[in-house]
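Let's take a walk through a protein model together. Keep the 3D view open and follow along as we go.

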Amino acid sequence: MALFPAFAGVDEAPGSGGSRKELDWLSNPSFCVGAITSLNQEAKEAAALVSRGSALTRSPLKSEPSDESDPHIKLAQVSRKKKKEKKKKRKHQHYKKTKRKHGQSDSSDSEPDTDSGKDGSNRGVRGSQRESEKASQGSNAAADAGHHSIWLEDIQTVTGELFRTDKKPDPANWEYKSLYRGDIARYKRKGDSCLGINPKKQCVSWEGVSTAKKQPRKHTERYFTKKSVGLMNIDGIAVTSKTEPPSSEPVSFIPVKDSEDVAAPVTSWLNPLGIYDQSTTQWLQGQGPSEPESKQPDSQADRESAVLKAKVEEFNRKVRENPRDIQLWMAFVAFQDEVMKSPGLYAMEEGEQEKRKKSLKLVLEKKLAILERAVESNPSSVELKLAKLKLCAEFWEPPMLVKEWQKLIFLHPNNTVLWQKYLLFCQSQFSTFSISKIHALYGKCLSTLSAVRDGSILSHPALPGTEEAMFALFLQQCHFLRQAGHSEKAVSLFQAMIDFTFFKPDSVKDLPTKVQVEFFEPFWDSGEPRPGEKGARGWRAWMHQQERGGWVVINPDEDEDEPEEDEQEIRDKTLPRWQIWLAAERSRDQRHWRPWRPDKTKKQTEEDCEDPERQVLFDDIGQSLIRLASEDLRFQLIEAFLQFLGVPSGAVPPAACLYLAMDENSIFDNRLYEEKPLTFFSPSFSGVSCVGHMERLGCPRWSRGHSREGEEFIRNIFHLVMPVFSGKQKSQLCSSWLRYETAKVIWCLHTKNKKRLKSQGKNCKKLAKNLLKEPENRNNFCLWKQYAHLEWLLGNIEDARKVFDTAVSMAGSSELKDRELCELSLLYAELEVELLQDLRGAATGRAVHILTRLTESTSYGPYTGQVLGTQVLKARKAYEHALQDCLGENCVSGAAAADSLDCLSSLVKCFMLFQYLTVGIDAAVRIYEQLFIKLKGFVVPEGPGLEDGASSQSWSSVLEAVTLMHTSLLRFHMKVSVHPLSPLREALSEALKLYPGNQVLWWSYVQIQNKSHSASKTRRFFDSLTRSAKPLEPWLFAIEAEKMRKRLVETVQRVDGREVHATIPETGLTHRIKALFENAMRSDSGSQCPLLWRMYLNFLVSLGNKERSKGVFYKALQNCPWAKVLYLDAVEYFPDQLQEILDLMTEKELRVRLPLEELELLLED
């Protein structure tokens, strides 16, 4: 081959023998054609394969041999020439075909031997030898390159992508299914087919992830998604149909137009049907809208923005003109929620409203800016400052919030509402919470308010209602200590308050509260018996005796002391450790709720106490003592203490702390009402458990009374405080005591415990007779009524009738003016009606006789036979006249109106029962409807509960009592005969709108609605009330109604406890109940109600979702860290976290009566 291709023709020219030697230096005898050609060929193949994305095959490197290897190559060529002489021509032709395949032309290769086969006759002998040598040289070099590999670093001229052969085996290929992903070249597969196979008979299964691009799957937007909710908040464009006279010709479409007056489109060749508007027609013609029209925004959005801007301007104008109007500022703050729902009112640029996300933080910042302006204009407004602090809770850390609260309290130490909010805030901050801190904070609050009330703080006068608010805060503190497990401190607070209020020496009554507390300390530390303990005489008697020289100590009779019942705490040591601890902890809570005092008769000292926490020092209670000047509040203190101990006194905690104290679900347990709707016994516990009871959720309320020492403690309280009161208040205390004992009899009847029933009935009858023997109680119809009811419950029907007849005959001719007599006769008649449950004439004779003789002026006589028709008519007229007189007198104000209002409810209830027995249920319903229409205008929907005592003097309590009677009559009538459900449902719906906190009405409503197959009406009613009513009862009973429906569905789906195929779908009941729980906890009263959290936790655990249940438990602790029942429930639901939960209780200073170390020692014994 020529060294320079331009001189390649010189050597082949004819007759060039002489000049050939001179130009011989132009040829390069060491140049190897085959090597460079094969390298060039492989580089082109590699580039082509890479460009097509195919996998490259590995091949050994072929390169140009160096000059040093030329002699060896020539020797190899000579030795192989003879052996491969026959194959030379075949290989040469194959090489030429390969050149043509890759597109190499003859002009690019200046080899003179390419045409040697065709034009060999024109060449000489020397030329043919040289050609044969070159051909064999190139062929041998190409063949030799397949056997030898050379280093990549030795090749300097080729710059393509080259590979070297790795012959070392990889043992990982034996162990794994495929090659290591790093050893596989990256490539993109075009399709799943393979070349060279028959697609009809063969296929290739590609393993691994498909390289095809996955199409994003569009999910249909549901109505509850964020995008759809945003669309629902925007008002749609209203459309209306054209009002045109009907045409006889058939029309192909119904034309509609916008609500605005828009000119009808003109029919033309572009708009033959007249269905295109003007802008569409212009677009079809290729024209744009006119200039003014293009600048106008959408009319609907423009109207919304204009309305909202006008409202904002109006608010700004009003607050500038009236900066002192607090309610106006609060309305402006609330209006921001409506503004943020609108599309881009504050958008500065076009399209900004779509880009900007209206986050919650934006709304809060806007509200905060308005509140800051409001506080600047009204620096003394507590309401605005409270609203600002509530907003700042979303931005600030708890320590900063506490400092702001402290500043606010320092500026307004006389504001009871502010103190209430501050205590709730500190009580529900888990990070900074501890029992000692909150207990000291309650003491500081009450002592500060006492100083304000005494006038010690001259800068801040006492506000109206301070005394009632202080009493409510005191009760809140007592329930806080009870729920935290520190029952001894709560009971000691009540004991100290009783001595401090009723047995105060006359010499200290006029001193300030702080000085009185200092005088009270020596009495508390003296070791004298306190209220509830045996031999308690009070602070006044102790002070008088100290002035005379002290008490004369008399050694008590040792035989009177009964040995204490040593109850075994651990009965079964084979149970799991968490069950043993839980049972022992609850047992100690039930037995050790009274403060421990050293018994001087047994020569005990303070060092003999096994648990120092059971001793209560004066420092624990001194700051919380307050003065109560109102007689009503003094009596409420005793009622609250009795209710705290479990005595059904009718006292309900104040509305401010009612839901904080709710921690057990007795409000849903009214089985006795189902059995006897007319004469059911309601203890009215209101969901607040008594001291010493921390039972699991769902445990019956009256499972067990107190221990022997606890019952003696309650009796001592009654004996101590009853001489302090007189008249109606003393009568109520006697009634509460007898109701407490009767409640135990009812529970023994319900559980069919005959042995305990006999002893309990005997004790109860003895108490009733002793109370009636007292001179002031001989004409107490309330006690007579309860005694007769007790005999009836015990099965002594004839004895009970004698008691009733005796009591009614004692009344004389008071007729219908005595409320207690009406209540006594009403109960007598109801018991007679329920006894036979038959509405025929002979069966109701006794009840009609009782209600008829009540209206007569003659003395009462026992039942002798059927009542005459004339007597019934006279009695009906008497009831009608008495009812008209009561309603007429109450329309005018005066002292007489209060007395007539007092007996109005009892009179109406007797009249309704009388009409029911003599005429029918419709007549009784008409009386209720007439009274409801007259009294509805006087009633304002109020907070929770049906209260006794002073609240019975109001119109609201009268209508509430009559409503209960009405619903009880309807329930009884439906029980004994066939009657539609709609009258009862409508009556309950109307009553619950007025009294959304009445638990008995709610229970009746839930029971009757549970029988309906359709829940839509019930859900709509609950939804309307939960939106408007403040009490928490609608939420609680809405949850209970859904849970009852879920239990009903599950009962249908199970046969003999086994799962069967679902015939009724669940219809999302589980998610609905969860949503109800979450919505109920958005309010302050709901988020700080321990009962609601216990129900939520119990429901999630029943579903089997332990992880989410744990999250709800810790969320509950964030809001109610003081509730010990939550921790006990968590031990039961998550037994493996017993140690962690106990550590948490110890850290927050909750009462742990049995540490795990002591449990281990007890188990070893």
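pLDDT is the predictor's confidence in each residue, from 0 to 100. You'll want that score in mind, since what you're looking at is a predicted model. Among the elements of the protein, helix α18 (residues 466-483) has the highest mean pLDDT, at 94. At the other end, helix α12 (residues 352-355) has the lowest, at 44. Across the protein, the mean pLDDT is 77, and 71% of the residues reach 70 or more.

Over residues 96-128, pLDDT stays under 50, and the model has 26 contacts beyond four places in sequence for them. Residues 292-297 also stay under 50, and here the model has two contacts beyond four places in sequence.

## The big picture

What is the secondary structure of the protein made of? It comes to 47 helices and four strands. The protein has 1165 residues, and buried ones make up 43% of them.

Now think about which parts of the chain touch. Take the contacts between residues at least 6 apart in sequence: 66% of them join residues at least 24 apart.

## α16 beside α18

Let's go back to α18 and look at its partner, helix α16 (residues 416-427). Their axes are 10 Å apart, and the two pack at an angle of about 15 degrees. Angles under 35 degrees count as roughly parallel, and α16 and α18 are therefore roughly parallel to each other. The crossing of α16 past α18 is left-handed.

Who's touching whom? On the α16 side you'll find Thr416, Gln420, Leu423, Leu424 and Gln427, and they meet Thr466, Ala469, Leu473, Gln476 and Phe480 of α18. Sorted by class, this contact of α16 with α18 has five nonpolar residues, five polar ones and no charged ones.

## α29 and its two partners

Next stop: helix α29 (residues 781-793), which packs with helix α31 (residues 819-836) at an angle of about 15 degrees, their axes 9 Å apart. α29 and α31 are therefore roughly parallel to each other. The crossing of α29 and α31 is right-handed. From α29, the residues taking part are Phe781, Cys782, Trp784, Lys785, His789 and Trp792. In α31 they meet Glu820, Leu821, Glu823, Leu824, Leu827, Leu831, Glu832 and Leu835. By class, the contact of α29 with α31 has nine nonpolar, one polar and four charged residues.

α29 also packs with α30: their axes come within 7 Å and cross at roughly 165 degrees. That makes α29 roughly antiparallel to α30. α29 passes α30 in a left-handed crossing. The α29 side of the contact is made by Phe781, Trp784, Lys785, Tyr787, Ala788, His789, Glu791 and Trp792, while α30 brings Ile797, Asp799, Ala800, Arg801, Val803, Phe804 and Ala807. By class, the contact of α29 with α30 has ten nonpolar, one polar and four charged residues.

## Zooming in on Phe804

Phe804 is worth a click, and you'll find this residue in helix α30 (residues 797-809). Is Phe804 buried or exposed? Phe804 counts as buried because its relative accessibility is 0%, and buried means under 20%.

What is Phe804 in contact with, leaving aside its neighbours within four places in sequence? The list is Lys785, Ala788, His789, Trp792, Leu824, Leu827, Tyr828 and Leu831. Take Leu827 from that list: Phe804 and Leu827 are 23 residues apart in sequence, and their C-alpha atoms are 9.5 Å apart in space.

Gly869 has a relative accessible area of 49%, so Gly869 is partly exposed. Gly869 and Thr918 are 49 residues apart along the chain, and 9.7 Å separates their C-alpha atoms.

Finally, find Ser1109 in helix α44 (residues 1106-1119). Why does Ser1109 count as buried? The reason is that its relative accessibility is 0%. Setting aside its neighbours within four places in sequence, Ser1109 is in contact with Leu1097, Leu1100, Val1101 and Phe1134.

Methods: Residues numbered from 1 in each chain as written. Predicted model: local features only at pLDDT ≥ 70, side-chain atom pairs only at ≥ 80, totals over all residues. Heavy atoms only, no water. Buried < 20%, exposed > 50% of the residue type's maximum accessible area, 1.4 Å probe, protein only. Contact = heavy atoms within 4.5 Å. Axes fitted to C-alpha atoms, helices over the stretch in contact; angles between N-to-C directions. Parallel < 35°, antiparallel > 145°, perpendicular 65-115°, else oblique. Left-handed = near helix turned anticlockwise from the far one by under 90°. Nonpolar A, V, L, I, M, F, W, Y, C, P; charged D, E, K, R; others polar.
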